[in-house]
Amino acid sequence: MVIKMNPYIEYGKKAFAKNLVYRSDYIIGVFNTVIMVFIQVAIWRAIYGSNTQINGVPFSYVATSFVLSICFAAALTANDFVLADKVLYGSITTELLKPISINLCIMADTIGNNLFKLIMQFAPAVIISGLFLGLLPPASVLMLLLCVFSLIFGFLIVYYISYIIQACSFWFTNVWSLSVIKNSVISILSGTLIPLWFLPDWLAAAIKWTPFDVIYFAPIQIYLGQMNTQEIIFTFAKQIVWVLLFAVLGMFIYKKGIKKLCIAGG
Amino acid sequence: MRKLFEPFSFYFQHSKMLTKTRMQYKLDAFLCCIAVFVRESAGIVGVFLVLQTFNNIGGWNMQELFFLFSIIFLTYSFLVFLFSGIRDFSNIVNNGEFDKYLLRPRSVLLQIISANSDYFAAIGHGTLGLVLFIISANSIGTDWSFANILYLIITIIGGVLIQASIWLLFSCSSFFLIKTDSLKDFLYWNTRKFAGYPLSVFPGFIQKLLMFVIPFAFVNYFPAQYFLHKPDLAN
């Protein structure tokens, strides 16, 4: 069976174009990201005090990790409410009648949005904060490419975690609370709030068993050249396993949920 | 005399109805409290984890930082309990529902304040604020005399009013600018995220922002300096 890609590419293009309408939102979005990076780096400069390196981690690594992880997190998002809103307002019924896959539509929509954010928000935010805070260059061109690849998998992990939350909307209707809790956990454990080098040992060991360290932080370590070939291969394997696991789980919940879909009114 | 109490009875009538509507979805209400609590705790857990490895942030130890954060959460809890209406009324202006308030024979501001209250967020923030306060209050070396407790109460009332005024300023600007969400996001919500940290760790322009533009420094930092006798920013 050949999947026709055209409708999905159109979905992605529309999502991209929609972002262009709200210009002021977009400019403020860039500023928001840059300010958050400045704040985190300022706090960590205070923590470092007069030390140039702590636990063998120089301050420039910390600054680079914040510039990249906060900008990644701002650009590679998944909207938790695409499917959930369709269920809440009942528009999912018309979507289900269309001869295209609703899941691929959501994926296309998300990719369209993220491409916009990568080009229009991520790039300026990294350049501005990088210039002021001293972003280190990548270890090598190869490492930069590997970093980009592992980021794609990192995004897929974020996407499928979000998809599981969204699929829960068949039972919960309002998934705001679940989404907020999920985002809080990701923000602590993925290194956007505190670089994972500085976690207490017990927590660092525990995170190795979760998908959170390979979302944003592993790509940054690859970027900085902190991983050897073996570790890089292990990182990719781990990312793929988690993506598959979450994708299968998400699909399973979706299949269960679509059978008990219940819409009030309409 | 009746006229004096009339606004209060108006407020209570509204609150009663509001509570009934909010309790329609009990599971959702409960999850909402938990979600707010978890979201706000994330920042605190971050501070806690950082201080497992390091001794202090800019000369402030964990208890002192928790005290700073607790004032932010406690004031915010009262703020959303009393003044959520002010936070959200730019939406009402935006979608044209503001007319109905203008037509009723009561003060517009009173109606706006009575019409909304974010109970669940108030519980979430309040719990976290109380926990942090209880953890820190005894170990920051403050003598909780009558005068100090009074000063704390005034600090909290002041903090609530400062933030309510900021909201009112932003919301009123929606009469002219129509949509002010991103401006509010930028200046209020973002600022609040780091208002719990001591002012002295930030570069100059952010200090100025917190003192003169969005005066969060007066909500928690300056009062905390009084309680903790901290010398930073002395010159």
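This is a predicted model: local features need pLDDT of at least 70, side-chain atom pairs count only at pLDDT 80 or more; totals for chains, interfaces and linings use all residues.

Modeller: In the contact between its chains, 29 residues come from chain A and 32 residues from chain B.

Colleague: How much area is buried between chain A and chain B, and which atoms contribute to it?

Modeller: The buried area is about 2,700 Å², and carbon and sulfur atoms give 81% of it. On the side of chain A, the residues that lose the most area to chain B are Ile39(A), Ile43(A) and Ile47(A), together 17% of what that side buries.

Colleague: Which helices of chain A supply at least two residues each to the side that touches chain B?

Modeller: They are α2 (23–48) and α9 (176–189) of chain A. The largest share, 12 residues, comes from α2(A). By kind, the side of chain A that touches chain B has 22 nonpolar residues, 6 polar and 1 charged.

Colleague: How many salt bridges and how many polar pairs are found across the interface of chain A and chain B?

Modeller: The rule finds 0 salt bridges there. It does find 4 residue pairs in polar contact, both residues being at pLDDT 80 or more.

Colleague: Why is Arg87(B) called buried?

Modeller: Buried means under 20% relative accessible area. Arg87(B) has 14%, and therefore it counts as buried. Arg87(B) is placed in helix α3 of chain B. Leaving aside residues up to four places away in sequence, Arg87(B) touches Tyr76(B), Val80(B), Asp118(B), Trp167(B), Ser171(B), Lys184(B) and Trp189(B).

Colleague: What makes the pair of Arg87(B) and Asp88(B) a polar contact?

Modeller: The limit is 3.5 Å, and residues adjacent in sequence count only if both atoms are side-chain atoms. Here the contact joins the two side chains at 3.1 Å, so the pair qualifies.

Colleague: Why does Ser84(B) count as buried?

Modeller: Its relative accessibility is 0%, which is under 20%, so Ser84(B) is buried. Ser84(B) also lies in helix α3 of chain B. Beyond four places in sequence, Ser84(B) touches Leu79(B), Asn116(B), Ser117(B) and Asp118(B).

Terms used
Residues are numbered from 1 along each chain as its sequence is written. Chains are lettered from A and ligands numbered from 1 in the order in which they are written. Side-chain values use heavy atoms; hydrogens and water are left out. Contact means heavy atoms within 4.5 Å. Buried area is the accessible area (1.4 Å probe) that two parts lose on being put together, summed over both. A salt bridge is a side-chain nitrogen of Lys or Arg within 4 Å of a carboxyl oxygen of Asp or Glu. A polar contact is a pair of N or O atoms within 3.5 Å; within protein, one must be able to donate a hydrogen and the other to accept it, and residues adjacent in sequence count only if both atoms are side-chain atoms. Helices (H or I, at least four residues) and strands (E, at least two) are DSSP runs, numbered from the N terminus. Ala, Val, Leu, Ile, Met, Phe, Trp, Tyr, Cys and Pro count as nonpolar, Asp, Glu, Lys and Arg as charged, and the others, Gly among them, as polar. Buried means under 20% relative accessible area, exposed over 50%, partly exposed in between (1.4 Å probe, protein chains only).
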